[in-house]
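Student: Could we go through this one together? I'd like to start with what counts as a contact.

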Amino acid sequence: MKSGLVISALITVIVLNCQCTSKEHESKIHITDSLPVNITRVECKADTTHSYYIALPEGFDPTENYPLILAFDPQGDGKLAVKSMIGGVTDLGYIVAGSNVIRNGYENTEYALNILISDILSRYPVKKDRIYAAGVSGGG
């Protein structure tokens, strides 16, 4: 299956792009801030208490549809989630979006996921049959 290979490649990229920090932050992931793409914060139109970070592939063309990775972090850090999946953007040409709301213990996940997906689909050209979810630790 091609999608299985893509996910396997993405996981490999994630592992190669992440390094654990020392001593006091052993359980956190450290990812450099110098990235080859812009990561932008977006507030959802339907509910402005919800937001996400998004990274678009180089040469983004709004007339072309792209696969989408929804990235999740256990603390709801959408920017960190996107950074951890940045290989999907740079190497595979995917759009990657990370929720700032969905996190470990969040009770309204279905609502938040619907708001997130609806907002992304209303703004960006996404291949609806190529939407994937991924995460790190509890975000997975």
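Tutor: Contact here means heavy atoms within 4.5 Å, and please keep in mind throughout that this is a predicted model.

Student: OK, so which residues does proline 67 touch?
Tutor: Not counting residues up to four places away in sequence, proline 67 touches Gly93, Tyr94, Ile95, Lys127 and Arg130.

Student: And where is proline 67 found? Buried or exposed?
Tutor: Proline 67 sits in strand 5, which covers residues 66-72, and because its relative accessible area is 8%, under the 20% cut-off, it counts as buried.

Student: How far apart are proline 67 and proline 125 in space?
Tutor: Their C-alpha atoms are 8.8 Å apart, although 58 residues separate the two prolines in sequence.

Student: Switching to rings: how many aromatic pairs are there?
Tutor: The count comes to two aromatic pairs, and in one of them the rings of phenylalanine 60 and tyrosine 66 have centres 5.2 Å apart and planes at 25°, so this pair is stacked.

Student: Why stacked?
Tutor: Because the angle of 25° between the planes of phenylalanine 60 and tyrosine 66 falls under the 30 degrees required for stacking.

Student: Are those two residues buried or partly exposed?
Tutor: Phenylalanine 60 is partly exposed at 25% relative accessibility, whereas tyrosine 66 is buried at 5%.

Student: Last topic, histidine 50: where is it, and what is it in contact with?
Tutor: Histidine 50 lies in the loop between strand 3 (39-43) and strand 4 (51-55), is buried with a relative accessible area of 5%, and, leaving aside neighbours within four places in sequence, has contacts including Val42, Cys44, Tyr106 and Ile115.

Definitions and conventions:
Residues are numbered from 1 along each chain as its sequence is written. This is a predicted model: local features need pLDDT of at least 70, side-chain atom pairs count only at pLDDT 80 or more; totals for chains, interfaces and linings use all residues. Side-chain values use heavy atoms; hydrogens and water are left out. Helices (H or I, at least four residues) and strands (E, at least two) are DSSP runs, numbered from the N terminus. Buried means under 20% relative accessible area, exposed over 50%, partly exposed in between (1.4 Å probe, protein chains only). Rings of Phe, Tyr and Trp (its six-membered ring) pair if their centres lie within 6.5 Å; planes under 30 degrees apart count as stacked, over 60 as edge-to-face and the rest as tilted.
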